[in-house]
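Here are a few exercises to work through with the model open beside you. Try each task before you read its solution.

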Amino acid sequence: MNKTIEKAEKYFLHTYNRYPMVLDHGKGVYLYDDNQKRYLDFAAGIGVFALGYENTTYNNALKQQIDKVIHTSNLFYNKPSADAAEKFAEASGMEKVFFTNSGTEAIEGAIKLARKYYYQKTGSAEGEIIAMNHSFHGRSMGALAVTGQPKYQEAFGPMIPNIKFAEFNNLESVKAEMNENTCAILLETIQGEGGLYPATEEFLEGVEKLCKEHDILLMLDEIQCGMGRVGEMFAYQAYGVIPDVIASAKAIGGGIPVGAFAARGKAAKVLEPGDHGTTYGFNPLAGAAINVVFDIYKESNLLEHVKEVSGYLEEELNSLVTKYACIKERRGKGLMQGLEFDHPVNDYIAKAQELGLIIISAGANVIRFLPPLVIEKEHIDEMIGILECCLTESV
């Protein structure tokens, strides 16, 4: 056994079934293992490494900040996090932002904001949040409570109370769960872990309208689908809706562990000193990462690039659906795509790794494609060629 794998298996808590691969470094849209084997990366660290690997501008910005100061605590101000908050607010349409360590922590903050919003209105702590079946929001106790997949919850109950679940893309199902205690509706603009299901325009617009009519907060989880993955900075901008609260993470830091929840209007006035906190959030290194990520997106016109190459990716994936009877359908939006098969896909993923391609699943029967946003059409061709080898071999 590889010595690194052996050491990891000895000392890591066994919470992941990892692939037998030790990744060492990356360049562009390729990763290399410790034997210098090259892999085309169509997972991007589960949507994190949007800019690809060894981006000189990004790396230099972080090195410069490391030489200044990495951490100061939230007892003081620092310029990188203030600049990052301004850029995030301008890009998202939000007014106030709280930087976190992860997407899960961003969801925790959003849940607390929603509960306090109801408490301020009513004096009651019985506010209810409507989440969606098949959703995934994280693995901490709060995020787990709003994750609509019982398999993640059953060993860790009881869940926090006053959470209800409706059917994604079914507005009548949402209406059926609403009552006078409903304080927020939470959903992923595009369900990721649940199988790559985009919200329909009718559904998202309908939920937004319900929230406005009943003074309920619309909270959108953009952790995986945001930061340019669909060709807009945030996926809801492709729908023309504007939420009250959003949760963001993954690509926002370009690889540095950072997330955010942000709010506008009435939701931006809810939390007060003492209501929420974090040791590492707002630290200068994370702020520097966010700043340079937004700068690179703008200077490279990355969103337009995503729109161009994602159309090509959709065409090529659609051609596979037509060609192979075992593929039921393509789902997704932008560079967040999935192919659903009529059987489990683990063997395809393992074979793809043998042939130098990293792809991941979203449930047992779905291959998920989350490449770096800087991929070119030639990389899509390379991926399709390898995937076809995997499919042909299994026929």
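Contact here means heavy atoms within 4.5 Å. Keep in mind that this is a predicted model.

**Exercise 1.** Find what I223 touches, leaving out residues up to four places away in sequence.

*Solution.* Start with the location: I223 sits in the loop between β10 and β11. Now apply the contact cut-off, and you get G103, I107, A247, S248, A249 and K250.

**Exercise 2.** Decide whether E222 and I223 are buried or exposed.

*Solution.* Buried means under 20% relative accessible area. E222 has 0%, so E222 is buried. I223 comes in at 11%, so I223 is buried too.

**Exercise 3.** Describe the surroundings of E222.

*Solution.* Next, skip residues up to four places away in sequence; E222 then touches T189, F234, A235, Y236, A247 and S248. Finally, look at T189: its side chain makes a polar contact with the side chain of E222, at 2.6 Å.

**Exercise 4.** Work out what lines the second largest pocket.

*Solution.* The space in this pocket is about 770 Å³. Two or more lining residues come from each of α4 (79-92), β4 (96-100) and β12 (259-263). The lining has 28 residues, with N74, K96, V97, F98 and F282 nearest the centre. Sort the lining by type and you find 17 nonpolar, eight polar and three charged residues.

Key. Residues are numbered from 1 along each chain as its sequence is written. This is a predicted model: local features need pLDDT of at least 70, side-chain atom pairs count only at pLDDT 80 or more; totals for chains, interfaces and linings use all residues. Side-chain values use heavy atoms; hydrogens and water are left out. Buried means under 20% relative accessible area, exposed over 50%, partly exposed in between (1.4 Å probe, protein chains only). A polar contact is a pair of N or O atoms within 3.5 Å; within protein, one must be able to donate a hydrogen and the other to accept it, and residues adjacent in sequence count only if both atoms are side-chain atoms. Helices (H or I, at least four residues) and strands (E, at least two) are DSSP runs, numbered from the N terminus. On a 1 Å grid over the protein atoms alone, a cavity is a set of points where a 1.4 Å probe fits but cannot get out, and a pocket is an open set with protein on both sides within 12 Å along at least five of seven lines; lining residues have an atom within 4 Å of a point. Grid points are joined across faces, edges and corners, and a volume is the space filled by probe spheres set on the points. Ala, Val, Leu, Ile, Met, Phe, Trp, Tyr, Cys and Pro count as nonpolar, Asp, Glu, Lys and Arg as charged, and the others, Gly among them, as polar.
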